[in-house]
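Here is a briefing for a first look at this structure. Please keep the sequence and the 3D view open while reading.

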Amino acid sequence: MHAEMKATISKLSFILKPFFVSVFFSLFFLLFLSWSQSPRKTAILSAEISLSNETSVDLRIRPGYSSYETYIQRQLNKTLNPKLRKMWTTRDWERKVRVFSHFFQNLKQRNLLFNDSKALSIGARVGQEVAALKLIGVPDSVGIDLVPRPPLVIKGDFHAQPFENETFDFEFSNVFDHALLPGKFVGEIERTLKPGGVCVLHVALSRRADKYSANDLYSVRPLVELFKKSELIQVKKVDGFGLDTEVVFRKKKI
């Protein structure tokens, strides 16, 4: 009887072994497929490839990011800092909304921004820029940031904007220095801008930005090279919370 049971178990093992092997390899394949198609994992690979490609004399990527997750976590350390968020939404709120209102009103006077413009603020944090746009009469405005703050700011990574192609007439950002992948940052702007749409960047050229920055920019030239589908229409000095230069691009209509 014992020998018969051993024989039966042996037969079952022989029959089931291919089944278990098949299941194992199927699970392995599904896990690999899930990893390879993950947007975050794709971004990590892109980051590793792009870190050297996008560094030049006048645009230098800061070292120290071993993965895209490392970079995102560092950005979140600033955005989620409770002291900073409280300061942004209380003491700094009125002052920043007033200054941004002045910036945007000036853009309206230069016919770069209009009341019926669909506008995006990139890296809006708590939404001062969006509040300023609405205050000066541009109601169809929204911001994106890693941490949402409805209704002014929705969740979004500026390396992969959560919008359809040719969505906006106007895009503004003062966080170019936080882009680990400047080419992707600019590429997403050009993808989501309508033909003829305007992008305004506030950047620091004369000094290094804060400790959370991912790159350092030393001239406008790298921006001109990155904006492949747009033309540079203006560069001027500004005093924008530590940023000293305003750079304006218009997306070509063809």
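Beyond its neighbours within four places in sequence, R208 is in contact with R62, D216 and Y218, where contact means heavy atoms within 4.5 Å. R208 sits in the loop between β6 and β7 (215-217). This is a predicted model, in which local features need pLDDT of at least 70, side-chain atom pairs count only at pLDDT 80 or more, and totals for chains, interfaces and linings use all residues. Residues are numbered from 1 along each chain as its sequence is written, and side-chain values use heavy atoms, with hydrogens and water left out.

- R208 is exposed, with a relative accessible area of 54%.
- Buried means under 20% relative accessible area, exposed means over 50%, and partly exposed lies in between, using a 1.4 Å probe and protein chains only.
- R208 and Y218 are 10 residues apart in sequence. Their C-alpha atoms are 8.8 Å apart in space.

**The chain as a whole**

- The protein chain has eight helices and nine strands.
- Helices (H or I, at least four residues) and strands (E, at least two) are DSSP runs, numbered from the N terminus.
- The protein chain has 254 residues, and buried residues make up 46% of them.
- Take the contacts in the protein chain between residues at least 6 apart in sequence: 66% of these join residues at least 24 apart.

**The sheet**

- Seven strands form an open sheet with mixed pairing. Their order is β4-β3-β2-β5-β6-β9-β8.
- Two strands pair if DSSP finds at least two bridges between them.
- β4 (153-155) and β8 (230-240) stand at the edges. Each has a single partner strand, so one side of each is left without a neighbour in the sheet.
- On average, neighbouring strands of this sheet are turned by 20° against each other, direction ignored.
- β2 pairs with β5 (residues 168-173) in the parallel sense, over four bridges. I122 has S173 in β5 as its bridge partner.
- α7 packs on the sheet and touches β2, β5, β6, β8 and β9. The direction of α7 makes about 145° with that of β6.
- Axes are lines fitted to C-alpha atoms, for helices over the stretch in contact, and angles run from 0 to 180 degrees between N-to-C directions.
- β5 also pairs with β6 in the parallel sense, over five bridges. Here S173 stands opposite L201 in β6.
- Nine of the 11 residues of β6 are buried, so β6 is largely enclosed by the rest of the structure.

**The nonpolar cores**

- A nonpolar core is a set of buried Ala, Val, Leu, Ile, Met, Phe, Trp, Tyr and Cys residues joined through side-chain atoms within 4.5 Å.
- The largest nonpolar core has 36 residues. Within it, F176 and F185 touch the most other members.
- The elements that give two or more residues to this core include β1 (59-61), α3 (68-79), α7 (182-192) and β9 (243-251).
- A second, separate core has 23 residues. Among them are F100, L113, L133 and V238.
- Which residues does F185 contact, leaving aside its neighbours within four places in sequence? They are I122, F158, H159, S173, V175, F176, A179 and L201.

**The α5 and α6 pair**

- The axes of α5 (residues 93-109) and α6 (residues 128-135) come within 8 Å and cross at roughly 55°.
- That makes α5 oblique to α6.
- Angles under 35 degrees count as roughly parallel, over 145 as roughly antiparallel, 65 to 115 as roughly perpendicular, and the rest as oblique.
- The crossing of α5 and α6 is right-handed. A crossing is right-handed if the near helix is turned clockwise from the far one by less than a right angle, and left-handed if anticlockwise.
- In α5, the residues W93, K96, V97, F100, S101 and F104 meet α6. Their counterparts in α6 are Q128, E129, A131, A132, L133 and L135.

**Backbone features in the loops**

- The peptide bond from P150 to P151 is cis, with omega near 0°. P151 lies in the loop between β3 and β4.
- R125 is not a glycine, yet it has a positive phi of about 50°. R125 is in the loop between β2 and α6, and counts as buried at 18% relative accessibility.
- F241 is not a glycine either, and has a positive phi of about 55°. F241 lies in the loop between β8 and β9, and counts as partly exposed at 30% relative accessibility.
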